[in-house]
2 protein chains.
Amino acid sequence: MANDKTPVAKAARRPRAETPRGFRDYFGAEVTARKAMLDKIAEVYHRYGFDPLETSAVETVEALGKFLPDVDRPNEGVFGWQDEDADWLALRYDLTAPLARVAAQYRNDLPSPYRRYAMGPVWRNEKPGPGRFRQFYQCDADTVGSGSVAADAEICAMLSDALEIVGIPRGDYVVKVNNRKVLNGVMEVAGLAGDDKEAERGIVLRAIDKIDRLGDEGVRALLGAGRKDESGDFTKGAGLSDAQANVVMGFVSANKAVTARLSNEQDVALAAGDTVLSTILGYAAAIGIPGIERKERGNIPAESFRLRNHKTIEHLLSIVDQSVAGREGALELAEIARLLESQGYFADRIRIDPSVVRGLGYYTGPVYEAELTFNIVDEKGYTRNFGSVAGGGRYDDLVKRFTGQAVPATGVSIGVDRLLAALSAKGRMAADTAGPVVVTVMDRDRMADYMAMVGELRQAGIRAEVYLGNPKQFGNQLKYADKRQSPIAVIQGGDEALTDEVILKDLILGSKIAESATLEEWKGRPAQVKVKREDLVERVKAMLEDQKAMRDAKPLSEWL
Amino acid sequence: MANDKTPVAKAARRPRAETPRGFRDYFGAEVTARKAMLDKIAEVYHRYGFDPLETSAVETVEALGKFLPDVDRPNEGVFGWQDEDADWLALRYDLTAPLARVAAQYRNDLPSPYRRYAMGPVWRNEKPGPGRFRQFYQCDADTVGSGSVAADAEICAMLSDALEIVGIPRGDYVVKVNNRKVLNGVMEVAGLAGDDKEAERGIVLRAIDKIDRLGDEGVRALLGAGRKDESGDFTKGAGLSDAQANVVMGFVSANKAVTARLSNEQDVALAAGDTVLSTILGYAAAIGIPGIERKERGNIPAESFRLRNHKTIEHLLSIVDQSVAGREGALELAEIARLLESQGYFADRIRIDPSVVRGLGYYTGPVYEAELTFNIVDEKGYTRNFGSVAGGGRYDDLVKRFTGQAVPATGVSIGVDRLLAALSAKGRMAADTAGPVVVTVMDRDRMADYMAMVGELRQAGIRAEVYLGNPKQFGNQLKYADKRQSPIAVIQGGDEALTDEVILKDLILGSKIAESATLEEWKGRPAQVKVKREDLVERVKAMLEDQKAMRDAKPLSEWL
């Protein structure tokens, strides 16, 4: 221990074999399933031109700063310590803070804009809870150095592609997009704009964020005097007047209003959509929002046009009409929707949605969140939407901390464990759980023969092991093979050795027969065969293929 | 910052954008090359029946203990801090200590023997130096719960396969195997066995470890009074008598002795080899070393038998004949050699070699080390062997710390950065450095059109980007494409838009032409073509294929 203050363990008692509180281990298929998922996501990020970046786990506290997106959680913090040369170091709490440091440190060498992705663990020094760990994976993609909303649109499209490639079917997710400028506009219109109103704005944003859970009534209570929940706990409200609350509620319920006005949410003709979009963009040109005036060219394919996003933006514009920031935000959303349409992404995949808030500080423009829309039964037995698996947005001030120069940036972070849980819930986990062929040891003196067998199998690309435990109890070897989910046990006793043969025991068929042990006709089928030693590899291969065919076909019970 | 003692940065000045001392960032191809290499190694580990395990970066100091294999380095230490609930936590310094904790914690659930592999960063709180970082990758495979030397033999075979699969050709590496018991036997025979001789043994082991660098004379000096190196620094010796030193030197120079006695190192007939092995194993049976007596069955293929390992073991036996531990160690090596031969691994790939020491504490039986035998020119301009890239051995006491019960274990750790450097030196790096097709922005108002183009390219599986920086200076866009190593720029100005065309600029051919700018005939060739907008994807694909064909064929200069 180089740190003088760290006690050297003079263990009178034995050390405890335990993970530290809030940490966990991942075994076998848990590791391979996550890796398979991240590999697929990386494939999409790569295709979009993003380059990988791997920073170290350790940063100076100075460089990390305190920019956690979710500052309204208790005990938020990092794991930090003082280095020998007096620097304070800490484990990164996300992948964005290190990116900001890198963007500043290498600003003369990196391409600009810089598209990068990063995958790896982050650490939070918070109270662990059920399913809540102090180390977890994040999977981020960010574009640094572009102020164009085209960068935000691109990230949303990429997020949509990433969800589909890992196995979330279209229709089972939606990427929701909002804009902090619109939220600011709503605050302005509701008379909550001043520096002295920061506390109220915080309460309002947190209330909006809870619309899915609390419903209109709950949110309205939080905007006013406050709300008592089922357990009796009281949450203080923002103390808005009815008129103020009406503005916010009009904004929050935009989704419902738009849904009510759309007769057919999914498919509306091009003409209608074009009219709305032209109106919005014409409006933008008229009021002269810089960088937003666009000419509509109408080359969007008619067959898949969807009106919903345009209607939502129209609705938002009507609410924030009195706020310059609000108008700019709504028109940015219009531009994002148009750019996505040009690539074939409509409201069924990427939806303009005013309910997205994404934390309090940090974000400065478009914010987005991927929500899985299929139902699961939660730990309390309630059926509910699976919910959010990814989120992000535009954060233009992070690099400025270092350089003094504003560097616009936008990016997304996928919650790796949440998405894995979703894939597991949908039965889409690509886990490779194939156990190895186990070569058993009948005669300890002939270990070289067994090693030769396992060597041949491996050379042929077959996953295989020789049993390395104490071979005396043969039953233990079969128990071991069972624990390893082994498909085949290879057995060669003295008799087989003399005749140059081996026994192949089909452990899959064997376990199937055990399941249906009452069925006499199955008991008669051979779960093991004796083959020539020289045919070992060929016959193991054939048996594995038979097993695969059986797995891919209907279950055994249906054969009977 | 949850830790009260951590200062909150009240930055009057701007934070420095710097990695902490001794840490670094990995960009683009650095990340993908390492990932490609680790993926291939994982494939081998998987085929051998090893399961992945991912433990968290953080362990309790109590669980970690202090079992660094290289304890004779200065400033050795870990990064540690005190948790809120008073536990001392630390970053893992290797992947073996966490494995020992896992093996103890889950001993009732894991298969036994438990074969596991692990890949990931580890952290060392040591003085950073050139090319020496405080976070680096390890890639380990271990078998816990098997006392059989078959487990050691298997790891050596797997290491050999892993090196070949990543691109180190057979003949460019050798896995050297020794046994700590043989080293102990040599100490015993040399009269260095007692508890009071620990310091001398340490000096002797370190001297043996340096045989490649110091040669016989240097080692002999260190065994005696001591050695003065070129810089004039004096290293105190072990103070052995000539007789004692002769024993050690006889052991150290076993390689040379064996080489001298073998007329043809690579190919010697089966008969000769069998005779030697039978002698050794007959000897083992005669003296009754438990678990070593084996009958030889002679089913080793004659055509590839190699005598070297047997001769080395014979030589070792002659030296440690007076020590029980020494004899047991030599006979374990004989068994390892025989098991490897049964799988076709001979001394050209896996060599019994008495010069391998592998640290001081920790290891209890067979030790092994993979050395790359091709030459490189080092940073000082000297030509030398590339050297060690992996090492490991048997460590039977690590799990016992937790449970009180001895659990035999053996395993290897691959130095990921070293092996990557070797692949780079051999030009075997599988880095995917293909830059994206860049769709340039000639008219900011038509961003939707450019997004549509890039969307189509990506849908076709082509890595592509739209330029997201300020599009005003077109030169900047081409500079950007150059920095991105882009193969093709797509350009559509107003004229092309009117005729529904796009320009494809071949940036590879363009740069080739720039290289050969004096050649008039090359200047005339079109580095850009105008194509119909609807043919964009097809024509980009064709151009990428042409470029690939050109890359795979002879260089352009040879065409002329």
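1. Is B:E59 buried or exposed? With a relative accessible area of 1%, B:E59 is buried, where buried means under 20% relative accessible area, exposed over 50% and partly exposed in between (1.4 Å probe, protein chains only). The points below place this residue in the context of a two-chain model.

2. The structure is a predicted model, in which local features need pLDDT of at least 70, side-chain atom pairs count only at pLDDT 80 or more, and totals for chains, interfaces and linings use all residues. Residues are numbered from 1 along each chain as its sequence is written, chains are lettered from A and ligands numbered from 1 in the order in which they are written, and side-chain values use heavy atoms, with hydrogens and water left out.

3. On symmetry: chain B is superposed on chain A by a rotation of 180° with 0.0 Å of shift along its axis, at an RMSD of 0.1 Å; the superposition is by least squares on the C-alpha atoms of residues with pLDDT of at least 70 in both copies. The two copies are thus related as by a two-fold rotation axis. Both copies use the same surface, since 100% of the contact residues of chain B recur in chain A; contact means heavy atoms within 4.5 Å. The residue of chain B that comes closest to the rotation axis is B:W81, with its C-alpha at 2.9 Å.

4. On the fold of chain A: there are 21 helices and 19 strands, taken as DSSP runs numbered from the N terminus (helices H or I, at least four residues; strands E, at least two). Of the 560 residues in chain A, 56% are buried. Among contacts between residues at least 6 apart in sequence, 72% join residues at least 24 apart. The accessible surface of chain A is about 23,400 Å², with 49% belonging to carbon and sulfur atoms; the areas come from the Shrake-Rupley method with a 1.4 Å probe, and for residues only the protein chains shown count as cover.

5. On the extent of the interface: 125 residues of chain B are in contact with 126 residues of chain A. The two chains bury about 10,500 Å² between them, 52% of it on carbon and sulfur atoms; buried area is the accessible area (1.4 Å probe) that two parts lose on being put together, summed over both. B:E54, B:R458 and B:L468 supply 7% of the area that chain B buries against chain A, more than any other three residues.

6. One of the salt bridges joins the side chains of B:E54 and A:R34 (2.8 Å, N to O). Helix 15 (residues 447–459) of chain B provides nine residues, the largest share of the side of chain B that touches chain A.

7. A:R116 and A:D142 meet through their side chains at 2.9 Å, N to O. A:R116 lies in strand 6 (residues 114–123) of chain A and A:D142 in strand 7 (residues 135–144) of chain A, so this pair ties together parts that are 26 residues apart in sequence. Both A:R116 and A:D142 are buried.

8. The residue of the opening question has a salt-bridge partner: B:E59 pairs with B:R101, the closest N and O atoms being 2.7 Å apart. B:E59 belongs to strand 3 (residues 58–60) of chain B and B:R101 to helix 3 (residues 96–105) of chain B, so the pair ties together parts that are 42 residues apart in sequence. B:R101 is also buried, at 0% relative accessibility. By contrast, the salt bridge of B:K197 with B:D196 has its closest N and O atoms 3.7 Å apart; B:K197 is partly exposed at 26% relative accessibility, and B:D196 is exposed at 60%.

9. A network of salt bridges links A:D51, A:R115, A:E154, B:R458, B:R463, B:E465 and B:R484. In chain A, A:E465 is found in strand 16 (residues 464–466) and counts as buried, at 0% relative accessibility. Leaving aside neighbours within four places in sequence, A:E465 is in contact with residues including A:R458, A:R484, B:Y48, B:G49 and B:R115.

Note on methods. A salt bridge is a side-chain nitrogen of Lys or Arg within 4 Å of a carboxyl oxygen of Asp or Glu.
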